[in-house]
Amino acid sequence: MDDLGENHGGAPPCDSCVKTGKECQFSKPDPPPPPKRTEPPTTVRQERDGGSDRKKLKKIDDISKVDNQKATEYAESTLKASFLTEDLWEQVLDIYKLNFAPELPFLHLPTMKEKLGRKFKSSQPDNNSEFNLVLLGVLTLTARLHTDLVKYLAHVCNNPPGNARTRPVQTQFDPSAASEYYAEILTMALGPLRTAMKVASVERVAALLMLGLYEWSQTSPKSGGLGAWMYVGIAIRMAQYLRLGFGDASKSDDVPSKSAELQRRGSFQQSQVALDKEIRRRTMFSCFILDRMLACGKERVPIVNPGDLQIQLPCSEDKFDLAMEVRTGFLRDRARHGLDDSVLSRFIQLVDLWGEISRFSSEGGRTNDRERDCPPWTTKSTFYRLDERLREFDAELPGTFTFSRSNYFKHENHQASSVYVLLHMLRGLCLIMLHREYIPFVPIRCEYPQGPLDEPIFPTSPEGFWLSSAEQVFKASREIIDLVEICQRKKKLPQSTIVLFAIWTAAFCGLYAKHFPQMDTAKHMLDYDFEDAEQDESVPEVFRRGSVAFAFNTLHGMSTCQKLASTYVGLLQRMDKYFDTIKQDYFRFHAKTSKAGEVTLRVREGGTGGGLEEYKPRSDQLNNFGHLQPEDYDNIDSADRSSPNTVDHRPPSGVGAGAGTGAGAGAFPAAAANESAKSTQSGSFTAINRTPITPAPQSGHHPFSNGGGYPTPHPEVVYPGTAWRYHNNTPQQQPLPPLQVYSTSEAMLDPTSIATEANNRAFDDSFKKAQSRRIGTIGDLGYFSSGDPQVTVADMPFGEASYIPNLEDPSYYLQIGEY
């Protein structure tokens, strides 16, 4: 977290100033009392007042106007807090520029600072409520990253009014709660839902986008991302209403006439007109960026059509700061000769391409019916077309925009490193999302990179095609890791959701390389030198050393302020455990299927496929950018549970599971066999449905409450005009009990307790009803414990495919130390 809120030569504010909310200058505390909360009208009061229907409607309208006015006044009083000094605002705007300006580049910081300066010098109240919306949006995004703001708000909101000097300073606080506080104030300042939907301005579009980006960073599988989806959707519709996507001539012949018109105006008027037009363009392109970001996932339809954007790309930052009118070209223009070029305009063009690549991936990729008869090296395939566009994008990049350490420092020297970082993070994402489509998900039989092992397959391919394609994945992942390392050394890693998603994607590729090292032939991810000395030796090595450990450590740090990062931390842990167990299952079952002469494609059963049946139920978790639809933790975890004869020796707070030695390992690549042959302890049993999952905190949970006064965010209270923010709130989920490990022997395992611990309730009920006949008559306990049935599966009660689909569902499996 950026500690930019320092006072007096680097010292943090003293406890007295934190208590009073004053700037640390030893001045007398004088915090403005918040206005009292207005009481919502009640049905009883309306019935008592009586009157005609017209009078009742008029009274409701008057109440709505009063609520809107009160919310505006409260927003103004919030922004007048004494600790929000001019110096602190400078720091807040610097945080915004570093972390959020690439996705939301519409803030003209010189104008913002000039308006704030006038606001502090003027003794008259500022009635510019629209500008206040932008300020609250900035605070919503940045407060969690400013240490002093977090401390001030933790004390103000957790203590009732009274003698501040007699109360202790709050020492424990959640940084995200500071941003949540301002998000609530911003939502109220926008007005009641019906009023907010009838007022449109560029400032409101900006505020809604900032609120949407904040909500997206706080999504979790349990809560989903409906709030972000709705805020961004409303912002886009409002921008379309304001015609922000129109206004620039698409023909170069019209430009001289417009330039001549500007020259006839005064210089100040020219500058202001040029600035207003550029802000409108950047606001519309911010809508486009967030639209493509939220649409990165299955069945997520974007709103903005690139062909409808009749505005030129944003200008360079120096031209924007100076409010200069320049020609930049349009979104789909390729020739940039003679035009003002910028990293931001290149980034937006790459966002356009990323939208097509993510759509290709979310629609099934190579398994889509359109691609089944089109090998990726043929011109008819979508892969070929997108890969060519990505190559053209790379070829057209100016030399100073390409990825290198020296180029990073050039941009960092001009305080423009953030958009450069996002450009290359997104480029790496495009390469990974495109080339991973044809790599086997579980390449346990592969001695080197190969094409698909499941239908549709391509028996012949150009020499070196699969090798080159796989290398693109790991090389791009390594570039993301290298870029993160550079930024962290300078303490300038943008806390962007795109950066977060890129780090997660690179971390998963590194985990894949760790479990299947034969696929990373150039060792891009395997040879990364890093060791997390703070991790205990009981933590699996993959999270202590190497590229995965570095990415894991970074994600863990980002989770302090972004709940979305916590989701990816947990998913990375579960995928490590999943790869351990599926390799273990493969080696154990392969020997048995080979002896029986059976042929299967299922990897878990020792088959010859590439794990397509394993990948499909996990594709949304691995490929989607965040979680739009709320998901049940039990459903998410069920696909990753341990399979038969697997022992979990990780500590209760650990991050994965060990794997045992598998039979038949010598017949396959030594690297995969060695990776699978991890040590186990015999005589230990872990209940398979007791895997601990730490739920990500809910974005609807508001930890600040002052116990009185006008609204301080609180989950149980819905204030006038704010009900639309609570459409998706759910009660705070309680943490699950810790993992229970029971010391026992194989002979002590009781069938009844096994059935009780089963995760699938439908199967559990059926199993318990007939357990005496199943165990006593047929004796099929061996089938669940070792996979070796005494009778055929078809002859077992409840043995049809709906209950036992060739041991495909790992939640049915029993874990035993020795087999």
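**A quick tour of a mostly helical model**

Glycine 338 sits in the loop between α14 and α15. That glycine is exposed, with a relative accessible area of 74% (exposed means over 50%, buried under 20%, and partly exposed in between, using a 1.4 Å probe and protein chains only). The model is a predicted one, where local features need pLDDT of at least 70 and side-chain atom pairs count only at pLDDT 80 or more, while totals for chains, interfaces and linings use all residues. Residues are numbered from 1 along each chain as its sequence is written, and side-chain values use heavy atoms, with hydrogens and water left out.

**The big picture**

- The protein's secondary structure comes to 30 helices and two strands; these are DSSP runs numbered from the N terminus, with helices being H or I of at least four residues and strands E of at least two.
- Of the protein's 819 residues, 55% count as buried.
- Take the contacts (heavy atoms within 4.5 Å) between residues at least 6 apart in sequence: 76% of them join residues at least 24 apart.

**The cores**

- The largest nonpolar core has 171 residues, and Tyr182, Phe347 and Phe625 have the most contacts inside it; a core here is a set of buried Ala, Val, Leu, Ile, Met, Phe, Trp, Tyr and Cys residues joined through side-chain atoms within 4.5 Å.
- Helix α20 (residues 497-515) gives the most to this core, with 14 residues.
- A second, separate core has five residues, among them Cys315, Phe320, Ala323 and Val326.
- Back to phenylalanine 347: leaving aside neighbours within four places in sequence, its contacts are Pro102, Ile289, Val419, Leu422, Leu423, Leu426 and Ile498.

**Buried spots, charged ones included**

- Helix α7 (residues 147-157) is largely enclosed by the rest of the structure, because 10 of its 11 residues are buried. Among those buried residues are Asp148, Lys151, Tyr152 and His155.
- Aspartate 352 belongs to helix α15 (residues 343-362) and is buried, at 3% relative accessible area. Not counting residues up to four places away in sequence, aspartate 352 touches Phe288, Pro306, Leu331, Arg332 and Arg389.
- Arginine 346 is in helix α15 too, and is buried with a relative accessible area of 4%. Residues up to four places away in sequence aside, arginine 346 touches Arg336, Asp341, Phe393, Glu396, Leu397, Pro398, Phe401 and Leu423.

**How helices pack**

- Two packed helices are described by the angle between their axes and the distance between the axes. Axes are lines fitted to C-alpha atoms, for helices over the stretch in contact, and angles run from 0 to 180 degrees between N-to-C directions.
- Helix α8 (residues 175-189) packs with helix α10 (residues 202-217) at an angle of about 145°, their axes being 11 Å apart. On the α8 side the contact is made by Ser176, Ser179, Glu180, Ala183, Leu186, Thr187 and Ala189, and on the α10 side by Arg204, Ala207, Leu211 and Tyr214.
- The residues of that α8 and α10 contact divide into six nonpolar, three polar and two charged; Ala, Val, Leu, Ile, Met, Phe, Trp, Tyr, Cys and Pro count as nonpolar, Asp, Glu, Lys and Arg as charged, and the others, Gly among them, as polar.
- Helix α17 (residues 405-413) and α18 pack at about 145° with axes 7 Å apart.

**Things to look for in the loops**

- Glutamate 455 and proline 456 are joined by a cis peptide bond, with omega about 0°. Proline 456 lies in the loop between α18 (417-435) and α19 (465-489).
- Glutamate 299 has a positive phi of about 60°, although it is not a glycine. You'll find glutamate 299 in the loop between α13 (267-294) and α14 (317-321), where it counts as exposed at 73% relative accessibility.
- Lysine 523 has a positive phi as well, near 55°. This lysine is in the loop between α20 and α21 (547-558), and is partly exposed at 38% relative accessible area.
- The C-alpha atoms of glycine 338 and threonine 328 are separated by 8.8 Å, with the two residues 10 apart along the chain.
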